[in-house]
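Subject: Structure for your review

Dear colleague,

Please find below the structure that I am handing over to you. My findings follow directly after it.

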Amino acid sequence: MITVYLGLGIFAIGIIIFALALLYQGDGSSGQKLMQYFLMATLVQNAGYLLELTSSGMEAAIVAVKVQYIGAVVVPISYCYFMFGYCYKKAPGRILNILRIIDAFVLVLVFTCDIHNIYYRQISWMTDESGHGYLRLEYGLGYWIFMVCGTALPYILSIYALIRARVKNPQYAAERKYG
């Protein structure tokens, strides 16, 4: 099963690199730049996950989780900015700035998780019956703050932008010009 996850992760990273290459050949519009931020953050997040998956010990796995969160805190916010730009709506700057500050705080919590139990209440190294080691994480308050403020709210705002654009202009999709 671990081989399937590794294969899918490597495939996903390859697709992201291909998409980034296509975007770099474009005209550099603000939408393309936002999509590049989103894709680069996704690339870092996926690379961190693969590092965690292939780590041989607890210390290496914790470093991989920290790398993973560098991308994880950027993906939802950059996606939200992209969706507001795509829908020709002004992004709620104050709200997103507050969420970015919370994301920065979460990143500090993750990078210092070795010295407190705010983000992870407990971290342990487990081994399954086939000998593959993995982290067992018990989440603390910081994790739930990230789930709400760093993940759920940006995606809810993105869905709001899409619905609002569709309601205000039912012919929205037909009017988009591609090419």
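Ring pairs join Tyr 69, Tyr 119, Tyr 120, Tyr 139, Tyr 143, Trp 144 and Phe 146 into a cluster. Please bear in mind that the model is predicted. The structure holds ten aromatic pairs. One of them is formed by Tyr 139 and Tyr 143, whose rings are stacked, at 3.7 Å centre to centre and with 20° between the planes. The angle of 20° lies under the limit of 30 degrees, and the pair therefore counts as stacked.

The two partners of this pair may be considered in turn for their accessibility. Tyr 139 is partly exposed, at 32% relative accessibility, because this class covers values between 20% and 50%. Tyr 143 has a relative accessible area of 13% and is therefore classed as buried, the limit being under 20%.

Tyr 139 belongs to S2 and stands opposite Tyr 120; both tyrosines are among the members of the ring cluster. Strand S2 comprises residues 133–139 and pairs with S1 in the antiparallel sense, over seven bridges. Together, S1 and S2 make a hairpin, with five residues between the two strands. In the turn, Gly 131 has a positive phi of about 95°.

Ser 124 is placed in strand S1, which spans residues 120–127. Is Ser 124 buried or exposed? Its relative accessible area is 15%, so Ser 124 is buried, given that the class applies under 20%. Leaving aside residues up to four places away in sequence, Ser 124 touches Met 58, Tyr 134, Leu 135 and Arg 136. Of these contacts, Tyr 134, Leu 135 and Arg 136 lie within the residue range of S2.

Turning to the chain as a whole, there are seven helices and two strands. Along the sequence, these elements follow the pattern α-α-α-α-α-β-β-α-α. The chain has 179 residues, and buried residues make up 35% of them. Where contacts between residues at least 6 apart in sequence are considered, 60% join residues at least 24 apart. The accessible surface of the chain comes to about 10,800 Å², and carbon and sulfur atoms account for 67% of this area.

Yours sincerely,

A colleague

Terms used
Residues are numbered from 1 along each chain as its sequence is written. This is a predicted model: local features need pLDDT of at least 70, side-chain atom pairs count only at pLDDT 80 or more; totals for chains, interfaces and linings use all residues. Side-chain values use heavy atoms; hydrogens and water are left out. Helices (H or I, at least four residues) and strands (E, at least two) are DSSP runs, numbered from the N terminus. Buried means under 20% relative accessible area, exposed over 50%, partly exposed in between (1.4 Å probe, protein chains only). Contact means heavy atoms within 4.5 Å. Accessible areas come from the Shrake-Rupley method with a 1.4 Å probe; for residues, only the protein chains shown count as cover. Rings of Phe, Tyr and Trp (its six-membered ring) pair if their centres lie within 6.5 Å; planes under 30 degrees apart count as stacked, over 60 as edge-to-face and the rest as tilted. Two strands pair if DSSP finds at least two bridges between them.
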